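Colleague: Could you take me through this structure feature by feature, giving the general idea before the particular case?

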Amino acid sequence: MAQTETERPIDSEVEVDWPAYRSTRLRHPGRPLVVLPEKFADLEGPVFEADALEPHDDDLTRQHDGEPLGERIIVEGRVLDEGGRPIPDALVEIWQANAAGRYRHDGDRHPAPLDPNFDGAGRCLTDDDGRYRFVTMKPGAYPWGNHENAWRPAHIHFSLFGRLFTQRLVTQMYFPGDPLFEFDPIFQSVRDPRARELMVATFDLDLTQPEWALGYTWDIVLGRGVRATPLDLD
Ligand SMILES: [Fe+2]
């Protein structure tokens, strides 16, 4: 009997040679990926401790004397393994454009203003419950020249080191309801629509703080299980 849509496992695989995302043609792996030996699944990865962090690393709105411009947000969630167990002491690093859609990077030529009070980089460690939390500004969409009139949906880049060698992920978090999803080859390179949803945060009124900031929750699953958060090709 054919599997129904809900029974079919979510496919978190990404098309690494994806013509719609032009630069993947030249830099995708040309050979089949090497499957890590089974024993690697138990191998501990690099361990990060609190001394890896600086004050305000988790609050990107307080890294300068003044307040950044834009929409202040809280992004919070849990880092989980394939079995849904929390991963404590995972290093979570983020980088993003400012509210105008501009990165503080020499290669960014988008004619939008830099913000003197916003660098767009942060990091934190997960707590005993696998929970991370950032205060930041909602990033703007930006053009990227991949094709005519190409704009990236608003996103925050995430890099994660879990506790095990195999718990490593670089990906992007998106915001719900973005009209650019259907036009974005990076988002669309995750072929299963249900896997794409795993990259989209949820607006959370309980996390939202009155008169101060909107809250978004986003859980991340490390590993290769059916709920695993997809990587990104960027
Ligand atoms: Fe980006």
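This is a predicted model: local features need pLDDT of at least 70, side-chain atom pairs count only at pLDDT 80 or more; totals for chains, interfaces and linings use all residues.

Colleague: Which atoms coordinate the iron ion, and why is the arrangement called irregular?

Modeller: The ion is coordinated by the OH atoms of Tyr103 and Tyr142 and by the NE2 atoms of His155 and His157, at 2.0 to 2.1 Å. Four donors count as tetrahedral only if all angles lie between 85 and 135 degrees; here the 4 donor atoms subtend angles of 90 to 162 degrees, which makes the arrangement irregular.

Colleague: Which residues have the most contacts inside the largest nonpolar core?

Modeller: That core has 25 residues, and Tyr132 and Phe158 have the most contacts inside it. Elements giving two or more residues to this core are β1 (72-80), β2, β4 (131-137), β7 and β8 (168-174). Beyond four places in sequence, Tyr132 touches residues including Val75, Val92, Cys124, Phe158 and Trp218.

Colleague: Is Asn117 buried or exposed?

Modeller: Relative accessible area under 20% counts as buried, so Asn117, at 17%, is buried. Asn117 lies in the loop between β2 and β3, and its side chain reaches the backbone oxygen of Glu67 at 3.5 Å.

Conventions: Residues are numbered from 1 along each chain as its sequence is written. Side-chain values use heavy atoms; hydrogens and water are left out. Donors are N, O and S atoms within 2.8 Å of the metal (3.2 Å for Na, K and Ca); water is not among the atoms, so sites may look incomplete. Four donors count as tetrahedral if all angles lie between 85 and 135 degrees; four count as square planar and six as octahedral if opposite donors are over 155 degrees apart and all others between 65 and 115; anything else is irregular. A nonpolar core is a set of buried Ala, Val, Leu, Ile, Met, Phe, Trp, Tyr and Cys residues joined through side-chain atoms within 4.5 Å. Buried means under 20% relative accessible area, exposed over 50%, partly exposed in between (1.4 Å probe, protein chains only). Helices (H or I, at least four residues) and strands (E, at least two) are DSSP runs, numbered from the N terminus. Contact means heavy atoms within 4.5 Å. A polar contact is a pair of N or O atoms within 3.5 Å; within protein, one must be able to donate a hydrogen and the other to accept it, and residues adjacent in sequence count only if both atoms are side-chain atoms.
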